[in-house]
Number of protein chains: 2
Amino acid sequence: MEPTLESCLPLLSQTPATLTALLQGLTPAQLDRNEGGDSWNAREVVAHLIHTDQTNWMPRIRHIIEFGESQPFPPFSRTGQRELDLSCPIADLLKQFTETRHVNLDALLALQLKASDFALRGHHPVLGIVTISQLLSAWTTHDLTHLHQLIRLLADPFREAVGPFHRFLGVLQCQGHSSPA
Amino acid sequence: MEPTLESCLPLLSQTPATLTALLQGLTPAQLDRNEGGDSWNAREVVAHLIHTDQTNWMPRIRHIIEFGESQPFPPFSRTGQRELDLSCPIADLLKQFTETRHVNLDALLALQLKASDFALRGHHPVLGIVTISQLLSAWTTHDLTHLHQLIRLLADPFREAVGPFHRFLGVLQCQGHSSPA
């Protein structure tokens, strides 16, 4: 298998099951809690992953195949998940993400990309030239960025409760690392 | 349910399924890679979680119930997982962790702790006085600390491959946060 696919596919494939295992048994309080301000709760993170799978990664790969660098990708809203219904049970959001990801990975494999296709270039409206290989790697690392965020979010309520163990628990030292768009 | 149990149990219960979903489909290269130096690979993280479940959390809760503050907890080795066989398939390590965690949570529930028991105090050899409530919260946050570490470890190989997307991918900015023992 082409090296980018070989490293990305196992991770992209398992994100729905990982998220489901992580979130499906949590209490409403755990699912509704954010990290303060306009930070996201767990429901919003899952909705963001549904939205990005629907509008960002595979559509942009198809855009590169169709238009190359000749047209920039259509703009993408990082808050488009607000259009989704977040009041539904978390199981429904997880199921929707699982189905969306499944459809996207089937579509990716159906493209039957050749080794040389991974170097095809597109025009990102903010970042400039990006390749299909970079898009696939970023899709995978985007999953991991939001898993990393969720784990930190779930640990946050234990900040005081762990008492003197605090210094041994690295996740409580994480302040997040996201850059503005 | 007592508040500490209500927040810890859903997380402690699902860590085996989350780890299994995250790791079971990965390639040997992904499972064997560490973050350089003497940092741990994914197998070592799972083995560490098995080892701490066997020797640390529930044994210390039992120790508090039996001895209170009168005797410090027996010392715990943070590298005791080296005694486990890490050459076995990752599925075997995940199964062993799942079984160990299941036995421990059954034992925790069998204690039928009363609300007042969560304030019982023990003597940690490094941290001094800790309560059962703090031990349970630390057990939960210890799971999350190692999930956070694993997610960062799995993202690390994509550092160059994502190209200009790097700045949007917070997990790639995480340098880890663990304090020395």
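Trainee: At what angle do the axes of helix H3 and helix H5 of chain B cross, and within what distance do they come?
Mentor: In this predicted model, the axes of H3 (residues 42–55) and H5 (residues 90–110) of chain B come within 9 Å and cross at roughly 25°. Because angles under 35 degrees count as roughly parallel, H3(B) is described as roughly parallel to H5(B).

Trainee: Is that crossing left-handed or right-handed?
Mentor: The crossing of H3(B) and H5(B) is left-handed.

Trainee: And which residues make the contact?
Mentor: From H3(B) the contact draws on B:Arg43, B:Val46, B:Leu49, B:Ile50, B:Asp53 and B:Gln54, while H5(B) contributes B:Ile90, B:Leu93, B:Leu94, B:Gln96, B:Phe97, B:Thr100, B:Arg101 and B:Asn104. By kind, the residues of this contact divide into seven nonpolar, four polar and three charged.

Trainee: Moving on, where is B:Asn56 found?
Mentor: B:Asn56 lies in the loop between H3 and helix H4 (57–67) of chain B.

Trainee: Buried or exposed?
Mentor: B:Asn56 counts as buried, because its relative accessibility is 4% and the cut-off for buried is under 20%.

Trainee: What is B:Asn56 in contact with, leaving aside its neighbours within four places in sequence?
Mentor: With those neighbours set aside, B:Asn56 is in contact with B:His51 and B:Phe76.

Technical notes: Residues numbered from 1 in each chain as written. Chains lettered and ligands numbered in written order. Predicted model: local features only at pLDDT ≥ 70, side-chain atom pairs only at ≥ 80, totals over all residues. Heavy atoms only, no water. Axes fitted to C-alpha atoms, helices over the stretch in contact; angles between N-to-C directions. Helix = DSSP H or I, 4+ residues; strand = E, 2+ residues; numbered from the N terminus. Parallel < 35°, antiparallel > 145°, perpendicular 65-115°, else oblique. Left-handed = near helix turned anticlockwise from the far one by under 90°. Contact = heavy atoms within 4.5 Å. Nonpolar A, V, L, I, M, F, W, Y, C, P; charged D, E, K, R; others polar. Buried < 20%, exposed > 50% of the residue type's maximum accessible area, 1.4 Å probe, protein only.
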